[in-house]
Amino acid sequence: MKADLASERGESTLLVSDVDGVRTLTLNRPHRKNAIDTTLWIALREALIAAGGDQRVRALVLTGAGGAFCSGADIASPDPMHPTYKLRNLSAVAELLHDLPMPTIAKVSGVAVGAGWNLALGCDFVVATTASTFSQIFVKRGLSMDLGGSWLLPKLVGLQQAKRLAMLADTIGAEEARALGLVTWVVEEVEIDAFVTDLTARLSAGPPIALAQTKALLNEGASGTLHDALAGEARAQAVNFATADAAEAYAAFAEKRTPSFAGRWAAPRPGANGTQTSNKTETGEEDA
């Protein structure tokens, strides 16, 4: 069995970094074009759980090391785990990524293939380079789609185009992927770092509760009814009005300045005897 080179060097196969409220998860198996083995699937699952529970994370970037995004699940390396258990890890990653409250960005250089492409499609935005290529390669490996591809593709491109991409497994470029609605932006390779940095700065400066509510509403609305959407919007708006961000936005508009959003709860909380209490702790600081 060939050992993972990153493991041989004592490196993690998933790199995690935080800068100004932006968490970046980097798949780090460049010698395999970041194909994801069982160890990396588990690490990715745990990292997404951690990000979802960390209020400091205002945006999340998913990318790959060494000039490739992800060449899919690693089916070449021997693994004694039964496929049923492997797919549980894949499914958990897909669901966690979909449900994260903060905006997510796939930063795609090079190839995004099979489960790797579906990993990118599971993000809210996809930024690719002009040299990026994509393929639903599964049938060429004698397999069918996974990591949510059968749900994501028809919603994004319609049933006929989804069947073309999945059943022929053609490789397409970034411009065609953008024309189909599968890539949000296409930039030159030398520009992608700066572009994603600017994008995440804009997103992380936004109101985190309102962004989380908006993301959830859009995800739910994609398969719900108008009645469901209106009811969900009413519930979400009540939550938004109970945050300090709503008042801050109105004040900033009136004062002609840029708002500063923190995602803090502003509605008074009931005390032990039913009286209303403020949001301040014993130290006088606002409780997040």
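Student: Is Glu176 buried, partly exposed or exposed?
Tutor: The general idea is a set of cut-offs: buried is under 20% relative accessible area, exposed is over 50%, and partly exposed lies in between (1.4 Å probe, protein chains only). Glu176 has 34% relative accessibility, so here we call this residue partly exposed. Keep in mind that this is a predicted model, where local features need pLDDT of at least 70, side-chain atom pairs count only at pLDDT 80 or more, and totals for chains, interfaces and linings use all residues. Residues are numbered from 1 along each chain as its sequence is written, and side-chain values use heavy atoms, with hydrogens and water left out.

Student: Which residue forms a salt bridge with Glu176?
Tutor: A salt bridge means a side-chain nitrogen of Lys or Arg within 4 Å of a carboxyl oxygen of Asp or Glu. For Glu176 the partner is Arg164, with the closest N and O atoms 2.9 Å apart. This pair links distant parts of the chain: Arg164 sits in helix α6 (residues 159-168) and Glu176 in helix α7 (residues 174-179), twelve residues apart. Helices here are DSSP runs (H or I, at least four residues), numbered from the N terminus. Arg164 is partly exposed too, at 25% relative accessibility.

Student: How many salt bridges does the structure hold?
Tutor: Twelve. One of them joins Arg257 and Glu255, at 2.6 Å from N to O. Arg257 is partly exposed, its relative accessible area being 34%. Elsewhere, shared partners tie Asp18, Arg23, Asp54 and Arg56 into one salt-bridge network.

Student: What is Ala249 in contact with, beyond its neighbours within four places in sequence?
Tutor: Contact means heavy atoms within 4.5 Å. By that rule Ala249, which belongs to helix α11 (residues 244-255), touches Pro259 and Phe261. Its C-alpha is also 8.0 Å from that of Ser260, eleven residues away in sequence.

Student: And where does pLDDT stay under 50?
Tutor: pLDDT is the predictor's confidence in each residue, from 0 to 100. It stays under 50 over residues 280-288, for which the model has twelve contacts beyond four places in sequence. For the chain, the mean is 88, and 89% of the residues reach 70 or more.

Definitions and conventions:
Helices (H or I, at least four residues) and strands (E, at least two) are DSSP runs, numbered from the N terminus.
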